[in-house]
Structures are given as C-alpha cells and as structure tokens.
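Okay, thanks for coming, everyone. Let me put the structure up on the screen and then we'll walk through it together.

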Amino acid sequence: MKLIKTKNYEEMSQKAANVVSSVVTLKPDCVLGLATGDTPVGMYRILAERNKKGDLDFKNIKTVNLDEYVGLSAEHPQSYQYFMNQNLYSKVNLSSNNTHIPDGLAKDPEQECKRYEELIYSLGGIELLVLGIGNNGHIAFNEPDDSFPKETHVVKLTEDTRRVNGRFFDSLDEVPYYAISMGMKSIMSARAIMLLASGEVKKKILYESIYGPITPMVPASVLQLHPNLLVITDQ
Ligand code: GLP
C-alpha cells in the first residue's frame, strides 16, 4: 500500500486527478472504475478542466461505476447516474456508449447484477478503480456484514448509511432501502485501486481500514490485501 497525505481536500483532489490523468494518458482505451459521493467531486472537476483544455482525452476510455440505488431513475437528482452526468459525463468527451452504471430501474435487479458483472469482465476488467469510503467502512455499497459479498449484488442499506446519505434527499423516507453494488471480488480484481478519504469524519474509519484487522465488519479493510493500493487522504 502507498499512502499519500495531503494538506487539504484540494490537494487530495489534485493528486487523485494526477493519478487518473496518467492512467488515461498511458492507456487511452482502458476501463476506469468510478465512485460517487462528495469525496471525488473535486477530482472530477479537475479532470473536466484538463479535458476542456485539451490536455486529457477520454474519447476511448470506458467507465464502470460502483453502484446505484434501486428504484431511482437516471433523471432523479439523487441517482448516481444523475451525479455522474452532472460531475463528469457532461463535462468531458466520454462517449455515452462507454459509460456504465447498474440500472436502478431494472425489472429484475438480480439479473441486472449478473449482466453488470459480466459487462465488467467483457470490457477487460478495471485498470484503475477510484473508491470513497463510507463512515461505517463501506466501499461502494458493501455494508458491514458477517462475510464479504463477492460479485455485483443487491444490498439492503444499513440505517446508518440511509441516514448519512439522507443529507442529499428531502427526507429520510425518500432514501432507497436497496442498492446494486459491485462486490469485493469485482473490486479486488481491479488492477489498481485508489481510495480517497477526506475530513475528520473519515479519520477513524480510514485508520481502522488500512491498519486494523481485516474483517467484513469493516468492508474497506479487505483492501489491505490488494497488491496495488494507493490511499490519498487529507490531514
Ligand atoms: C456512498 C457511496 C460510496 C461512497 C460513500 C462515501 O454511500 N455508495 O461509494 O464512497 O457514499 O461518500 P462521501 O464521499 O460523500 O463521503
């Protein structure tokens, strides 16, 4: 594991954007795994600026996102599809055929998980996977549990996660109870992983995740086993 400590959120975002930029430059047709949440917003902004200036080309890049709420359409402002449209897709020259997110409105969510898992492998696997971390140690929507879910699956969100993510919704009632999430096998199969964590609120869980025991009760702790893990955090 390599750990980079930065002064603040902006520097963390710059460093993260540098890593993504080098992968995109060296492998201009690779697959990026992408995350939602507040944490990567600054990184996306910087990537969009570089693309606009002509310094970074996403024309042949493919993206697969980690997760999506079950029941929210792409037009719902809290869906992850909407988030990605706003923060990245509409701002860079990614081709719409090349961006992938689980379909939260799929009639058969279990079948959608299967399709998504196969899609990741048919694209050739993930070159670089960007991750944030939930306050309870979740990555994507892999919640603390007795075992590590392996492949893309339907997950019941914990009340803690619903409450934390409820800050974006008008009321807690509107927060979905289920999501589709990549599993640990899908995540750990990425050739490189970059975990981003910002702010005091993430300090304890980040420490437990990268230095504590490896346990499904702290899902991010499994990342310690990845041979090519980069953690970027702010002080
Ligand atoms: C959500 C997402 C995660 C994300 C986490 C942290 O629950 N499913 O992929 O990492 O929140 O979000 P934030 O970056 O806003 O703290």
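A bit of housekeeping before that. This is a predicted model, where local features need pLDDT of at least 70 and side-chain atom pairs count only at pLDDT 80 or more, while totals for chains, interfaces and linings use all residues. Residues are numbered from 1 along each chain as its sequence is written, and side-chain values use heavy atoms, with hydrogens and water left out.

So, salt bridges. How many does a search of the whole structure find? The count is 13, where a salt bridge is a side-chain nitrogen of Lys or Arg within 4 Å of a carboxyl oxygen of Asp or Glu.

Let's look at arginine 45, which has a salt bridge to glutamate 10 at 2.8 Å, N to O. This pair ties together distant parts of the chain: arginine 45 is in helix α2 (residues 41–53), glutamate 10 is in helix α1 (residues 9–26), and they are 35 residues apart.

Arginine 45 is partly exposed at 36%, glutamate 10 is partly exposed at 33%, and glutamate 49 is partly exposed at 41%.

Another bridge joins lysine 7 and glutamate 11, at 3.3 Å, N to O. Lysine 7 is exposed, with a relative accessible area of 63%.

On to the ligand. It has 14 residues around it, and the closest are Asp38, Thr39, Asp67, His138 and Lys202; being near here takes a heavy atom within 4 Å.

Which polar atom of threonine 39 lies 2.4 Å from a ligand oxygen, side-chain or backbone? That would be a side-chain atom. With aspartate 38, a backbone N or O atom lies 2.8 Å from an oxygen atom of the ligand. For isoleucine 133, a polar backbone atom is 3.5 Å from a ligand oxygen. The protein covers 94% of the 390 Å² of accessible area that the ligand has on its own, with areas from the Shrake-Rupley method and a 1.4 Å probe.

Last, the two single residues. Valine 201 is in helix α7 (residues 200–211) and counts as exposed, at 56% relative accessibility.

Histidine 153 lies in strand β7 (residues 153–156) and counts as buried, at 15% relative accessibility. Its side chain reaches the backbone oxygen of glutamate 151 at 2.8 Å.

That's my tour, so over to you for questions.

Technical notes. Buried < 20%, exposed > 50% of the residue type's maximum accessible area, 1.4 Å probe, protein only. Helix = DSSP H or I, 4+ residues; strand = E, 2+ residues; numbered from the N terminus. Polar contact = N/O pair within 3.5 Å; in protein donor to acceptor, adjacent residues only side chain to side chain.
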